[in-house]
Amino acid sequence: MGVINAYFPIERLRNYLTKHKLYGLQYLFASFFGAITPFCSCSSVPLFIGFVKGGIPLGVTFAFLITSPLVNEVAVAMFLGTFGLRITVIYVVSGIVLGMIGGFVLGKMKLEPYLSDWVKKIQQDSTAETEQWERDKASFMQRLPGIIHDSWGIVKGVLLYVIIGIAIGGAIHGYVPEGFFQQHMSKSNWYAVPLSVILGVPMYANAAGIVPVIEVFVAKGIPIGTALSFMMAVVGLSLPEATLLKK
């Protein structure tokens with residue numbers, strides 16, 4: 001992720017999306033960029049505002065905002081080690097497709113008039129000038145200290161969430177009565193997936209922190225699809241994010 005950030009700064013993506021006609025592929029590009037950025041739902045909102053300021057259509061910015069917390073490269077690595085390649089690919093593709101569809105639908109709703117006045121002001125005050133980056137000319141070795149710094153920042157940012165997630169997973173495994181999750185979230189119940197989503201919304205966790213919990217859910221007999229729907233609700237539909245979006 002540090003290498004990606006060093007070579008593909010956000011400003012370059014903004015310039016590309018605003019200066020080219022992409023015939024709908026901008027939703028795919030925005031979702032893909034969301035997938036490779038290590039942001040939780042709340043951390044994605046300030047970047048969302050930056051996209052709006054840069055003149056990117058709201059639908060495209062929403063595609064990024066939806067995918068960014070859902071598909072986290074740290075969580076992908078943990079998924080790969082826990083559930084294998086097939087489930088990991090399904091998870092990643094599902095998150096990107098959800099971002100594309102959500103962004104496209106929201107874009108068609110013409111939501112620009114609903115932007116708060118302060119967002120409209122920064123949008124009007126922004127200029128279209130292209131910034132020059134000295135690091136564009138730097139060699140890999142010159143960029144390496146910054147890459148290491150960014151990488152260590154990612155590790156520090158998610159480490160606490162991973163520890164908390166493991167602790168929650170251990171508590172569920174040790175204290176929840178046997179058969180509780182199988183009874184309410186099993187595939188025999190038609191309401192298992194919607195119930196999982198509803199239960200996940202009030203919670204808030206980083207994608208990397210929720211993976212150990214999902215591992216315990218599956219071990220308890222919860223179908224992987226139901227467990228994934230719970231995970232996506234936790235990381236993508238948080239109340240703190242809703243509060244920020246309201247602003």
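Reader: Where is the place of Val-76?

Author: Val-76 sits in helix α6. Helices (H or I, at least four residues) and strands (E, at least two) are DSSP runs, numbered from the N terminus. This is a predicted model, in which local features need pLDDT of at least 70 and side-chain atom pairs count only at pLDDT 80 or more, while totals for chains, interfaces and linings use all residues. Residues are numbered from 1 along each chain as its sequence is written, and side-chain values use heavy atoms, with hydrogens and water left out.

Reader: OK, and what does Val-76 touch, not counting residues up to four places away in sequence?

Author: Val-71, Thr-88, Tyr-91 and Val-92. Contact means heavy atoms within 4.5 Å. Val-76 and Val-92 are 16 residues apart in sequence, and their C-alpha atoms are 7.6 Å apart in space.

Reader: Switching to rings. How many aromatic pairs are there in the whole structure?

Author: A search finds 6. One of them joins Phe-79 and Tyr-91, with ring centres 4.7 Å apart and planes at 5°, so this pair is stacked. Rings of Phe, Tyr and Trp (its six-membered ring) pair if their centres lie within 6.5 Å; planes under 30 degrees apart count as stacked, over 60 as edge-to-face and the rest as tilted.

Reader: Which helices does that pair link?

Author: Phe-79 is in α6 (residues 73–83) and Tyr-91 is in α7 (residues 85–108), 12 residues apart. Phe-79 and Tyr-91 also form one aromatic cluster with Phe-83.

Reader: Is Phe-79 buried or exposed?

Author: Buried, because its relative accessibility is 0%. Tyr-91 is buried too, at 0%. Buried means under 20% relative accessible area, exposed over 50%, partly exposed in between (1.4 Å probe, protein chains only).

Reader: And Val-97, where is that?

Author: Val-97 is in helix α7. Val-97 is partly exposed, with a relative accessible area of 37%.

Reader: Let's zoom out. How many helices and strands does the chain have?

Author: 14 helices and 0 strands.

Reader: How much of the chain counts as buried?

Author: Of its 247 residues, 40%.

Reader: What about contacts between residues at least 6 apart in sequence?

Author: Of those contacts in the chain, 80% join residues at least 24 apart.
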